[in-house]
Amino acid sequence: MKKILMSLLAMFVVFTAGNVYAGDSIKIGVVASVTGPASFLGEPERNTLVMLEDQINASGGIMGKKLEIIIYDDETEVNKAVLAADRLIRRDRVQAGIGGTTSGNTLAIMSNFTRAQIPLVSMAAAERIVNPVNPWIFKTPQSDRHAVTRILKHAKAQGYQNVAILTVSDGFGQAGREVLRELVPEMGFNLVADEIFGPRDTDMTSQLTRIRNQSPDAIICWGTNPGPAVIARNRQQLRLDIPLYMSHGVASRRFIELAGSAAEGLLLPLGRLAVAEQIPDDHPQKGLLLDYISQYEERFNAPVSSFGGYAWDALMLIKEAIEKGESAEPKSIRDNLEKIQGFVGTGGIFNLSPEDHNGLDESSFVMAVIEDQDWKIVSE
Amino acid sequence: MEGKKGIFSFLIFVVITFGFPWMLTNDYYLSILILSGITAIGVVGLNLLLGYAGQISIGHAAFFGISAYTSAILTTNYGLSVGTGIFSGIALSSVVAVIIGIPALKLKALSLAMATLGFGLIVYIFLNETITLTGGPSGFVGIPRFNILGYDFYSDLAYYYLVAIILTFVIIISLNIINSRAGRALKAIHSSENAAMVMGINVARFKLFVFVLSAVFAATAGGLYAHYLSFVAPSSFDFHFSIKLIVMAVLGGMSSVWGGVIGALFLTSMPEFLRIYEELETILYGLILILCMMFMPQGIVGGIGKLSGFVMGMFSRGGGRNE
Amino acid sequence: MDLGSFLQYLISGLTIGSTYGLTALGFTIIFNATRVINFAQGEFVMMGGMLSVFFLSAMGAGLFPAIVLAVTCTTLAGVVMERLVIRPVQGANVINIILITIGVSIFIRGLVMLFLGKDTFALPPFMGTESLNFFGATIIPQSLWILTITMFVLVGLRIFFNKTIFGKAMLACSFEQKAAHLVGISVDRMVMLSFAISALVGSIGGVILAPITMTSYDVGILLGLKGFAACILGGLGNPFGAAAGGLIIGVLEALGAGYISSAFKDAFAFIILLAILFVKPSGIFGKAEIERV
């Protein structure tokens, strides 16, 4: 009997202790998947935000106020993302939110921010986040639709007719699959095979064998590491010479390392961050990208990835909105985010509006081929 | 003895549960308490199965999931009331529990563990792949908040009391079962199935009864979960969650209804405290689990019982008594 | 159906199934000595792969020395685990020990994540990447390595249990610990040996699989799960049943993905597993019912 009393008492003491009061700073809350399966996305995102926080504060903060970024790791778990969002809104009383890292986690925390009337800028790709438009929700990565369109335009130019798709059974793959199933027939291709693989599957020869039996002109694979690397290796093993398109989900050096020689010749849409050296000098993004890359690599001693750029764009868009409206009130941030035009970010040039809470189009992607263990922009 | 003590424990539980939340300085903790309470409803059921009937299930997340999704789909896509949705979820879960329980409960120990584990995985894959029905891996959004008879539990405090009341009911039901003829039958099954059978206990029927009851509790929790977060995804009901439920039951204390409650509260809130250690969190979590099981084999409830017995003993000679 | 595709499914099933089988072997060896399912078994497999990558890249060792080091370290980890957390709780409730092993697996995963990172890594194949033709199917050399090494491990264990004094002593312990103790066998030492062998076998599985499937700190969870399924399917307590169980599950998955649906392939394997359990609760190769816990 005393045991219950004592343990509940202990909980009581811990729970009632400590309360946070808002200070004279601008608080931005982040829910990111720093650990767990999506850590390859969340870690560069966290690093980028930490780096930017220091840089912005070193140069006088935002409108003279100190910027305070509070980052919670959701461990790629939906439950923890919701709890973290709750904690940011209620305990830390943030003025704007960034996150989540994955589409699933973003969809899960969206309602918390909407209810609290605090703007949230997501770092996840799924189109469902901003379509239909939710007044409080924005996102920085290009939508799957842009990537798919880019791939299919390339395929059209090669004269391909029959297309097979191979998608991972998680939020990322599902979103890609929905768009693929819509756009492949719409753009005049025949969808001859629609195969699925699990996020932790280690052998996809069965799926590729099935696809081979349908003899498509090209295969489009939608997934994040390590699945697509396994697929590239299995394709090499099966000696399939059908062209293989990958998604922007594997736009990291790690993919090339994992797939090794099997990565040669694969095609994928890339944000310009990955190929910053190769874009023309007069491109408006060039200077910004090179700065970001050198700062990031110097500080963290690790290669930069496109994913950190999503966080860069999210924070800088919020900063822009605060300065535009000269207010860090959540409502003002939201209103001014919608007014941002021609903002040069790492992912592309953002033109936001009340109807478009992403602000990018397919021109934010370039098509690249993997050659000599590096990306080469292909001219179309 | 057991009755008097039980009533006293129960009163303490009621006073703290219902008198405590409005003293919280921050309503963020309330959401942790709500999730702990919801999970506790499921764990108390699992505790009956594990601690009293001695049957393991590594698939209980499936019952959470079936019910959460049933209610989510019925209320969101078909406009049914939340009450009807949750009730249907519970009904479907118990039907599934009967279907899977009849063959599975004939299995012994680790085979049963495997069968329930396999069942859980199949349900998980089903939730993941039937995209048109469940929304697939990226989850099911827009589930209405719990409401009944025109009152919606929009504020967290209201939802907290709702969960607290249901948890109290679940505890009352469980305590009654333990102290009834059925409870004694269960204990007999736990110590020796053959002996229980010889004594004329219908072992299969009792095992199935507890299995279905624990599924009903898990399903109740699943419904409350879906209508609290307004969002469900298959990953919330995967194999890890089933394991976590068992860890909660054992860590709290298997042979006590309160163990389920304490275990759920402890394991749901612990990550919040470990958060400050960031990268070390996983390691510490593993370490705590190992140490608790090594030095408190009776779980937290048993451990605190020992400790309080020890403290009592220091003050009054011979007064301390372990459970 | 054409032969080439069928053979292809079979080859990929047997390759993946071998590692399920090796994981299952580890479960079985510890189960026989302790009556406990060691949920950290998958982590031994993970450590084999991850430590090889670490010794290869960070320490600059050659592939073969790196593998030997990794397997040795994992085996030692198995021994340390037994000494630190299993031996002190001898005679405790089985479910408690199982939870301790779950704690150990979380702990190991956390350590590897902290020190070796969260990324996925690839280990170079032992010999060549050029695939070979085999009646219309293709097979990579690493698959042959996996199948061969698995066979060697099985034969080695068979000899160990049947011919050596330690092996016989371990078998004796698995039948009746008290009697084994009475005839002068140190049960403690045998339990420790069982952890060492399990870790050894598991890490070998991890090493040979890593070139094909790549490895990361969290691969142990899924492999542990499949390995557990394999040893129940094969009949718990029977090491060779466990290995066979692993191969069966691997082949079922590959055929399921090939002929039925790639989305439901895991469900397909588990439905068959449940059906077998319901018809024959002791598993395919199990003899008597196991009735402890």
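Me: Helices (H or I, at least four residues) and strands (E, at least two) are DSSP runs, numbered from the N terminus. In which loop of chain A does Pro132(A) lie?

Reply: The model is a predicted one. Pro132(A) is joined to Asn131(A) by a cis peptide bond, with omega about 5°. As for its place in chain A, Pro132(A) belongs to the loop between strand S4 (120-122) and strand S5 (137-139).

Me: Is Met63(A) buried or exposed, or does it count as partly exposed?

Reply: Met63(A) sits in the loop between helix H2 (39-58) and strand S2 (66-73) of chain A. Its phi is positive, near 50°, although Met63(A) is a residue other than glycine. Buried means under 20% relative accessible area and exposed over 50%. Met63(A) has 39% relative accessibility, so it counts as partly exposed.

Me: What is the relative accessibility of Met214(C)?

Reply: Met214(C) is not a glycine, yet its phi is positive, at about 65°. In chain C, Met214(C) occupies the loop between helix H8 (187-213) and helix H9 (219-234). Met214(C) counts as buried because its relative accessibility is 2%.

Me: Is His248(A) buried or exposed?

Reply: His248(A) belongs to the loop between strand S9 (244-245) and helix H9 (253-259) of chain A. Not counting residues up to four places away in sequence, the residues that His248(A) touches include Asp144(A), Phe172(A), Trp222(A), Tyr310(A) and Phe365(A). The relative accessible area of His248(A) is 4%, so this residue is buried.

Me: In which helix of chain C is Glu82(C) found?

Reply: With a relative accessible area of 1%, Glu82(C) is buried. Leaving aside neighbours within four places in sequence, Glu82(C) has contacts that include Arg87(C), Asp188(C), Met192(C) and Phe195(C). The element of chain C that holds Glu82(C) is helix H3 (residues 63-86).

Me: How many residues apart are Arg299(A) and Asp54(A)?

Reply: Arg299(A) and Asp54(A) form a salt bridge in which the closest N and O atoms are 2.9 Å apart. The pair links distant parts of the chain, since Arg299(A) is in helix H10 (residues 286-300) of chain A and Asp54(A) is in helix H2 of chain A; the separation is 245 residues.

Me: How many residues apart in sequence are the parts that Arg145(A) and Glu127(A) tie together?

Reply: The side chains of Arg145(A) and Glu127(A) form a salt bridge of 2.7 Å, N to O. Arg145(A) is in helix H5 (residues 144-157) of chain A and Glu127(A) is in the loop between S4 and S5 of chain A, so the distance in sequence between the parts they tie together is 18 residues.

Me: Why are Asp335(A) and Lys331(A) separated by about one helical turn, and in which helix?

Reply: The closest N and O atoms of the salt bridge between Asp335(A) and Lys331(A) are 3.0 Å apart. Asp335(A) counts as partly exposed at 22% relative accessibility, and Lys331(A) counts as partly exposed at 47%. The separation is about one helical turn because the two residues are four residues apart in helix H12 (residues 330-337) of chain A.

Me: Which helix gives the largest share of the positive patch?

Reply: The surface patch of positive charge gathers Arg181(B), Arg184(B), Lys187(B) and Arg205(B). Lys187(B), one of these residues, is partly exposed because its relative accessible area is 40%. Three residues, the largest share of the patch, come from chain B, helix H8 (residues 181-191).

Me: What accessible area do Phe126(B), Leu133(B) and Phe264(C) have together?

Reply: Phe264(C) is placed in the loop between helix H10 (239-260) and helix H11 (265-279) of chain C. At 31% relative accessibility, Phe264(C) counts as partly exposed. With Phe126(B) and Leu133(B), Phe264(C) forms a nonpolar surface patch whose accessible area is about 260 Å².

How values were computed:
Residues numbered from 1 in each chain as written. Chains lettered and ligands numbered in written order. Predicted model: local features only at pLDDT ≥ 70, side-chain atom pairs only at ≥ 80, totals over all residues. Heavy atoms only, no water. Patch = residues over 30% accessible without salt bridge, like charges linked within 9 Å, V, L, I, M, F, W, Y side chains within 5 Å. Areas by Shrake-Rupley, 256 points an atom, 1.4 Å probe, with all protein chains shown as cover. Salt bridge = Lys/Arg side-chain N within 4 Å of Asp/Glu carboxyl O. Lys, Arg positive; Asp, Glu negative; His and termini not counted. Charge placed at Lys NZ, Arg CZ, Asp CG, Glu CD. Buried < 20%, exposed > 50% of the residue type's maximum accessible area, 1.4 Å probe, protein only. Contact = heavy atoms within 4.5 Å.
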